[in-house]
Amino acid sequence: MNTSLPSSHLPYTDKYFTRSRQILEGEHFNPRICMQLFIRQGPGRLYGVNEAVEIIKNYAGNADVRVDALEEGAEYASLEPIMQIEGPAQSIIELETMYLGVIACRTTRANDNIDLHLESVRRQAEKVRELAPDKTIMYFGARHWHWSRDAEISKAAMEGGFDSCATDIGAQAAGQDKGVGTIPHALIIIFAQLQGKDTATAQTTLAFDKHIDQAVARVALVDTFNREVDDTLATAEAIGKNLWGVRIDTAGENLAQGGLAQGPKFHAGKGVTVSAVRAMRDALDAAGHQSVNIVLSSGFGDTDKLRTFVEAEKKDGRLFESLGIGGLFPSRMVTADVVRVDGQDIAKNGRRFLQNPRLRRVL
């Protein structure tokens, strides 16, 4: 046991991961999954590996978990797999927030000679709130910095005007009861391998509706397989009146379904764009699902991007109701993707299993 770590990882874990484990247990799903990590911002030198491994070792219990990684301090390239984690889904799905945060924090400090300042977090949150005064805004950035700072960072974000955050430790620091969250790509990918991609988004949301407290808003994640419009409509039909909203988080590698390939920045192109969200909103309205809300995530700490969406809504009508934002401070953000389930290659669109002969077994 590493005594420098908290007795439980749960307060520091994004809520959608703790709920994912609850759903997996309820459905009796526990496949062996393979996750790969990368940093988009590079090249650089990698730090926090040893600490991340200790987190996995400490909280995965006696589960059969294997970790391969680059060495502490090794050079890494943008998008190169820096770590690969294999183990039973129920044992490792809750650990991502903490291990990504320590790698992001240590690597950012070492390469960019910067640290996190709470006042700058608070000011950035204020700028976001000023641009979107009538939207529900959730802080989703626990994975972008060290777990030991999450409480004060979350509190600063909410002092700046955010409504909630994704971890219990952050929520409690700001005087709230518990963190909030939707559904992660990881859970949908597990359902896809077991039940098929065509229905995975709707089936995962149905499982959420079945196993999670009815007081929690049902919000479906609809971009996993790059069928943002189709999966939005299919899920709305499957869940019915219990569906509060859908979240779009399209990766920067993908052109969202319904989005324009060419046009002004943030209106068109890859990732979450105005044209893609407009296609979702119009499809929902045309199908009689006006009560279903849209939640935006992926890059909305960038006030230029947020301003573009706010102005588009003012010009052309209802577009979105809520935001999930993590990027309130500089960080070499680390991404983790499920890329194999029970030995079968399966991943969100734009991602796939990548061999990296530089990785060495560390656990």
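A residue counts as buried when its relative accessible area is under 20%, as exposed when it is over 50%, and as partly exposed in between, with a 1.4 Å probe and protein chains only. By this criterion, 60% of the 363 residues of the chain are buried. The structure is a predicted model, in which local features need pLDDT of at least 70 and side-chain atom pairs count only at pLDDT 80 or more, while totals for chains, interfaces and linings use all residues. Residues are numbered from 1 along each chain as its sequence is written, and side-chain values use heavy atoms, with hydrogens and water left out.

**Overall form**

- The chain holds 12 helices and 14 strands; these are DSSP runs numbered from the N terminus, helices being H or I with at least four residues and strands E with at least two.
- The radius of gyration is 19 Å, close to the 21 Å of the globule rule for 363 residues, so the chain is as compact as a globular protein of that length. The radius is taken over C-alpha atoms, and the rule is 2.2 Å times the number of residues to the power 0.38.
- Along the principal axes, the C-alpha atoms fill a box of roughly 55 × 45 × 40 Å.
- Among contacts in the chain with a separation of 6 or more, 77% join residues 24 or more positions apart; a contact means heavy atoms within 4.5 Å.

**Surface and charge**

- The accessible surface is about 14500 Å², and 46% of this area belongs to carbon and sulfur atoms. Areas come from the Shrake-Rupley method with a 1.4 Å probe; for residues, only the protein chains shown count as cover.
- There are 42 positive and 47 negative side chains, and the centres of the two sets lie 2 Å apart. Lys and Arg count as positive and Asp and Glu as negative, without His and the chain ends; each charge is placed at NZ of Lys, CZ of Arg, CG of Asp or CD of Glu.

**Strands and sheets**

- Strands of a sheet pair through backbone hydrogen bonds, either parallel or antiparallel. Here two strands pair if DSSP finds at least two bridges between them.
- An open sheet of 6 strands runs in the order 13-12-1-5-3-14, with antiparallel pairing. Strand 13 (344-345) and strand 14 (360-361) stand at its edges with a single partner strand each, so one side of each has no neighbour in the sheet.
- Within this topic, strand 3 (residues 66-69) and strand 5 (residues 83-88) are antiparallel over 4 bridges, and Ala-69 has Met-83 of strand 5 as its bridge partner.
- Strand 9 (residues 243-248) pairs with strand 10 in the parallel sense over 4 bridges; Arg-247 has Val-295 of strand 10 as its bridge partner.
- In strand 10 (residues 293-297), 5 of 5 residues are buried. Asn-293, Val-295 and Ser-297 point one way, and Ile-294 and Leu-296 point the other way.

**Helix 6**

- Asp-150, Ile-153, Ser-154, Ala-156, Ala-157 and Met-158 are buried in helix 6 (residues 150-159).
- Their cover includes helix 5 (118-131), strand 6 (136-139), strand 7 (164-165) and helix 7 (168-173).

**Two individual residues**

- Asp-231 lies in helix 10 (residues 228-239) and is buried, with a relative accessible area of 3%. Leaving out residues up to four places away in sequence, Asp-231 touches Asp-198, Thr-201 and Val-222.
- Gln-214 lies in the loop between helix 9 (197-211) and strand 8 (218-221) and counts as exposed at 52% relative accessibility.
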